[in-house]
Amino acid sequence: MKMTRMEDEEKTAQYTHIHKLFRKALEISFDTVIMLFLFFILYLTVYSIYLNFKLTYNVSDPKLLIANILVTIILIETYRILIIYLRQHRVSITHILEVGIVALVQKLIVASDFKELDALKLFAVGGLLFILGHLYIRIGGE
């Protein structure tokens with residue numbers, strides 16, 4: 001039994017229609033998860049800003065205040081990445097590189113007691129920072 005071209009097109013149309021519905025349902029559910037992350041990151045950012053003000057008046061260790069400010073910057077950048085994703089459904093690699101660079105600098109400041117870091121770890125962090133900076137300059141310039 002041979003199918004006519006019209007029947008074949010109807011089957012194809014129904015098949016792609018199911019895929020479109022499935023893809024749309026996945027996009028909606030993923031966007032919902034992203035929005036939950038946004039609310040959680042917003043809460044963490046507000047709490048981090050509160051801690052920054054609290055630490056400002058009781059500065060016993062300025063290293064802790066700087067590290068907390070950098071965590072706040074990381075949270076704000078992550079929030080911005082998720083907002084861009086919700087708008088455009090794509091993420092710019094430059095924003096992710098910015099977060100990576102700030103996270104590495106924050107790690108170095110927190111672990112600025114370099115007795116905790118052996119030479120290999122310090123060299124690895126420095127190399128990674130150099131690579132991320134190089135990628136940021138190359139990709140960000142385009």
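1. Basis. In this predicted model, local features need pLDDT of at least 70 and side-chain atom pairs count only at pLDDT 80 or more, while totals for chains, interfaces and linings use all residues. Residues are numbered from 1 along each chain as its sequence is written, and side-chain values use heavy atoms, with hydrogens and water left out.

2. Overall fold. The chain holds four helices and zero strands, in the order α-α-α-α along the sequence. Helices (H or I, at least four residues) and strands (E, at least two) are DSSP runs numbered from the N terminus.

3. Of the 142 residues, 22% are buried, that is, under 20% relative accessible area with a 1.4 Å probe, protein chains only. Among contacts (heavy atoms within 4.5 Å) with a separation of 6 or more, 63% join residues 24 or more positions apart.

4. Helices H2 and H3. The axes of H2 (residues 62-88) and H3 (residues 93-110) come within 9 Å and cross at roughly 165°; axes are lines fitted to C-alpha atoms over the stretch in contact, with angles from 0 to 180 degrees between N-to-C directions. The two helices are therefore roughly antiparallel, a term for angles over 145 degrees. Residues in the contact include Ile 66, Leu 70 and Ile 81 of H2 and Val 99, Val 102 and Ile 109 of H3.

5. Gly 100. This residue lies in helix H3 and is partly exposed, at 22% relative accessible area, the class between 20% and 50%. Its C-alpha atom is 9.5 Å from that of Gly 133, 33 residues apart along the chain.

Note on methods:
Parallel < 35°, antiparallel > 145°, perpendicular 65-115°, else oblique.
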